[in-house]
Amino acid sequence: MSSAIVGAASAIGGAVTAATSNSWFIPMLMAAVAYFQYEEIIDPESKPSDVGGDDILDHYDFIVIGAGSAGAVVANRLTEVENWNVLLLEAGGDETELTDVPLMAGYLQLSKIDWQYKTEPSGTSCLAMQGGRCNWPRGKVLGGSSVLNYMLYLRGSKHDYDNWEAMGNPSWSYRDAQYYFKKSEDNTNQYVANTPYHATDGGQNLSLDAAGIGPHPCGSGSSPAPPGIGLLSGMVTVLVQTLLSSQCLVSPASQWPVDYVGDLSQPYDFVVIGAGSAGSVVASRLSENPDWRVLVLEAGGDPPIESELPALFFGLQHTKFTWNYFTEPSDDACQGMKDGRCYWPRGKMLGGSGGANAMLYVRGNRRDFDGWAAMGSTGWSYDHVLPFFEKSVTPQGNATHPKGYVTLKPFERQDNDIHQLIIDGAHELGQPYVERFQEGSETGYAHVPGTVRQGQRMSTAKGYLGAVAKSRSNLHVVKNALVTKLDLDGETVTGVKFERAGVSHRVKVTKDVVISAGAIDSPALLLRSGIGPSKHLEELGIPVELDLPGVGRNLQDHVVVPIFLRLDEGQAEPMTEKAVLDGIYQYLIHRTGPLAAHSTASLVAFINTNASSDSAYPDTENHHMFFQRADHASLELFTKGLSIQDQYTDVLQEYLKDSHLLCVFILLSHPAARGELHLKSRDPKEPPILTSNYLSESEDVATLMRGIRYIESLGQTKAFQDHLAEIARIPIKECDHIENYRSDEYWRCYAKYFTVTCYHQSGTVKMGPDSDHEACVSQRLKVHGLENLRVADASIMPAVVSANTNAATVMIGERAAHFIQEDYQGEAVGANGGLWVPHMHADDF
Ligand SMILES: Cc1cc2nc3c(=O)[nH]c(=O)nc-3n(C[C@H](O)[C@H](O)[C@H](O)COP(=O)(O)OP(=O)(O)OC[C@H]3O[C@@H](n4cnc5c(N)ncnc54)[C@H](O)[C@@H]3O)c2cc1C
């Protein structure tokens with residue numbers, strides 16, 4: 001998104017209020033197309049001028065009320081008589097450029113140029129409409145409903161008019177009406193124009209190319225543009241049509257599994273809760289056995305189109321496609337965020353958070369997994385997990401790699417000089433740039449690949465479920481199904497209760513239930529089902545099924561302190577409107593360009609800030625977000641996503657007027673702090689209480705301070721100084737009282753305000769041996785104390801990996817499926833002989 005689009009939006013005067021937040025993209029594009037075309041040529045429509053109060057006469061010969069399809073004609077024709085004064089009164093104002101675009105007609109409804117009438121509810125019709133009422137749009141604008149309509153010109157049947165006359169209205173026969181039809185027509189359709197029924201010299205332009213932008217796109221009246229022979233306008237029409245229709249190809253419904261609405265009375269072998277990064281993997285792998293009936297229950301539906309575009313991932317936040325969670329206010333952190341709470345979005349859609357994430361694919365350090373093994377999950381060392389990482393992916397361009405479901409590809413490089421600047425600066429500080437992080441040991445800088453394919457997101461819901469669902473009748477996916485509780489009978493889970501569209505359902509299970517609802521909702525569901533610390537459950541009045549003290553504890557995340565650097569003050573090239581339009585065009589037509597990437601975000605650094613420690617295990621990770629000068633809309637999307645308070649956003653926007661901004665996310669790789677999750681109530685719709693405990697441990701603060709010092713040094717390198725790099729000072733009342741700007745004390749204060757998440761919540765259903773009183777699941781991911789309940793998602797990580805968490809979560813899904821397959825392998829096979837369906841690859845669909 002860009003400033004150009006916002007500019008164009010304001011140019012249309014906010015007429016399109018009906019467009020939802022999810023449908024802004026194409027209307028904005030069209031508005032931009034219309035805006036620039038018109039701005040650069042001339043407004044083709046000579047709009048009647050509005051008569052001011054003083055110019056209204058005392059007397060008129062005629063007053064016409066309503067400047068709609070009929071009123072405008074009446075007033076026009078009456079003023080043909082020179083001596084007559086005619087007043088035309090219209091409740092609405094001028095048309096906008098957007099109203100000239102035929103395919104935009106639908107967007108105009110319920111906007112401010114529509115009277116927005118609705119029928120009364122009748123109980124017999126309009127039942128599928130909101131409130132059982134039909135919309136009756138009527139234009140409230142010069143031109144009336146002819147401005148809202150779809151511009152189709154049809155006269156009606158001869159019999160209609162003859163009937164009018166027969167009903168006692170002399171001179172309204174078809175023969176009479178035809179005279180006026182012809183009088184009003186300027187028919188440019190060469191096939192009919194000169195027939196006895198049509199005319200070419202009336203007021204109303206009628207054209208075959210109804211998709212063109214308005215009747216005379218290049219001007220008329222007193223400022224005629226050079227005449228055209230139709231070739232160019234034809235091309236423009238094709239272009240506009242193509243752009244409009246190409247958005248439909250971005251996310252065809254066929255790439256998602258269908259919503260299962262059939263019979264649920266038969267028990268399933270497996271029920272998987274959540275179709276996120278891990279759940280989609282588990283369900284897909286289990287359904288490879290055609291004898292196993294597998295049900296997936298997902299609280300969200302299909303992802304929005306915007307989920308496909310890497311550059312728009314921040315735009316998904318604070319919408320209905322995310323669970324919009326917020327942390328509790330804290331004295332230590334998040335104070336510069338709205339209400340002093342950090343925003344923790346999780347994906348609520350097929351693909352889960354993997355449908356909303358930044359698509360960076362990073363596996364983690366060998367020591368992360370060896371650490372898990374050392375904590376008692378002996379089968380989870382790096383060497384044990386590596387095959388499951390490998391199994392899940394297809395790195396594009398590597399023909400010898402076995403085909404996995406998730407396609408990996410480098411992001412297209414945008415803003416190349418900024419990438420180079422960062423690499424050069426880091427080089428001066430002795431930090432290497434490597435083509436690829438060495439497997440299992442990430443240090444220095446590298447461009448990480450994306451879970452992306454041809455410029456589009458490759459979530460596990462797309463790769464693992466969408467790609468196979470059609471060919472597997474044993475796999476059912478129910479969308480918009482919120483699981484509210486597990487049914488238990490002693491140590492066995494017998495079924496699952498869920499709600500869909502306000503209706504409660506129950507399904508039974510014969511083998512395992514797998515919870516893959518993510519690091520917040522998995523523990524929340526366990527607690528609601530009576531599995532968790534008994535004291536907490538009793539406080540909420542939830543009957544205790546199993547006292548499991550660790551549920552909701554051990555909450556970890558990669559806390560981030562973002563530092564903003566100003567670059568090239570006064571010299572920075574601003575973002576141009578044309579570049580924005582080019583970007584939209586490139587994406588829609590070629591799936592390339594800035595929207596197919598997210599600028600410098602794929603350039604990732606793992607820095608060991610502690611010179612005295614072992615350098616193979618970095619303690620910070622850095623991400624880089626670049627905002628080109630004047631790209632205010634992108635910055636807004638970012639600050640809104642993070643929930644930064646307006647006063648601070650305003651300062652950053654001000655800086656962006658004359659310099660670029662580079663935001664470096666300093667991410668704490670191994671947090672010592674542990675947060676907690678509790679339920680507020682038994683109500684499944686009430687969000688849990690999330691205590692981050694960010695920056696509550698002094699060693700975490702110390703590491704981040706060193707991380708900030710590293711960025712300060714980076715800003716001082718020659719490479720950065722050549723770009724006039726300077727830390728963007730953001731006035732913070734409390735911190736500005738500290739005498740020394742940028743002292744340790746200052747930065748500690750800054751970090752207290754500028755604290756955000758890197759979205760890597762994990763650990764809340766910890767994996768570990770029985771002997772660990774916090775452990776909730778065994779190393780085969782079975783809930784301790786229960787027979788057939790497993791948890792498989794980011795919540796089982798005993799310690800968060802020192803990387804972005806998606807890749808490891810997909811691996812966890814693969815392992816969970818593998819354990820289950822092993823556990824049930826001995827069973828008698830059914831009619832299909834347990835034949836595993838051959839692997840189908842995401843690239844095949
Ligand atoms: C904005 C953002 C950016 C990120 N960027 C990156 C990145 O670039 N790289 C990276 O590696 N990681 C990234 N992450 C983190 C990564 O995506 C997550 O760690 C990972 O997706 C977690 O997977 P999961 O299976 O544990 O949970 P999720 O993927 O969140 O899946 C949980 C699913 O369960 C569903 N669910 C929840 N409760 C219920 C219920 N009661 N009933 C039915 N269904 C339910 C949810 O709707 C969801 O679909 C990012 C995350 C976010 C949010």
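With three residues, β10 is the element that gives the most to the shell around the ligand. This is a predicted model, in which local features need pLDDT of at least 70, side-chain atom pairs count only at pLDDT 80 or more, and totals for chains, interfaces and linings use all residues. Residues are numbered from 1 along each chain as its sequence is written, and side-chain values use heavy atoms, with hydrogens and water left out.

Now for the ligand itself. There are 39 residues around it, and the ones that come nearest are Ser277, Glu298, Ser353, Thr805 and Asn806; a residue makes the list if one of its heavy atoms lies within 4 Å of the molecule. Several polar contacts (pairs of N or O atoms within 3.5 Å; within protein, one atom must be able to donate a hydrogen and the other to accept it, and residues adjacent in sequence count only if both atoms are side-chain atoms) turn up here. The side chain of tryptophan 323 has an N or O atom 3.0 Å from an oxygen atom of the ligand. Threonine 805 places a polar side-chain atom 2.7 Å from an oxygen atom of the ligand. Taken alone, the ligand exposes 1,000 Å², and the protein buries 98% of that (accessible areas by the Shrake-Rupley method with a 1.4 Å probe; for residues, only the protein chains shown count as cover). Two or more shell residues come from each of β10 (343-347), β18 (482-489), α14 (518-528) and α23. Helices (H or I, at least four residues) and strands (E, at least two) are DSSP runs, numbered from the N terminus.

On to the cysteines. The structure holds three disulfides, a disulfide being a pair of cysteine sulfur atoms within 2.5 Å. Counting bonded cysteines along the chain, the pattern is 1-2, 3-4, 5-6. Cysteine 126 pairs with cysteine 134 at an S to S distance of 2.1 Å; the torsion about that S-S bond is about -105°, so the link is left-handed. Cysteine 126 is buried at 19% relative accessible area, where buried means under 20%, exposed over 50% and partly exposed in between (1.4 Å probe, protein chains only). Cysteine 334 and cysteine 342 are joined at 2.2 Å, S to S, and a torsion of about -100° makes this disulfide left-handed. Both ends are buried, cysteine 334 at 2% relative accessibility and cysteine 342 at 1%.

Cysteine 735 bonds to cysteine 749 (S to S 2.1 Å), and this link is left-handed too, with -80° about the S-S bond. Cysteine 735 sits in helix α21 (residues 733-736) and cysteine 749 in helix α22 (residues 744-753), so the pair ties together parts 14 residues apart in sequence. Cysteine 735 is buried at 0%, and cysteine 749 is buried at 7%.

Finally, helix α10 (residues 366-374) has Asp368, Phe369, Trp372 and Ala373 buried. They cover an arc of only 140° around the axis, so they end up on the same side of α10; the arc is taken from the directions from the helix axis to the C-beta atoms. An α-helix has 3.6 residues a turn, so residues three or four places apart point the same way. What covers the buried residues of α10 includes α11 (382-392) and α23 (806-824), with contact meaning heavy atoms within 4.5 Å. At the start of α10, a side-chain oxygen of asparagine 365 reaches to within 2.9 Å of the backbone nitrogen of arginine 367. Just after the helix, glycine 376 takes a positive phi of about 120°.
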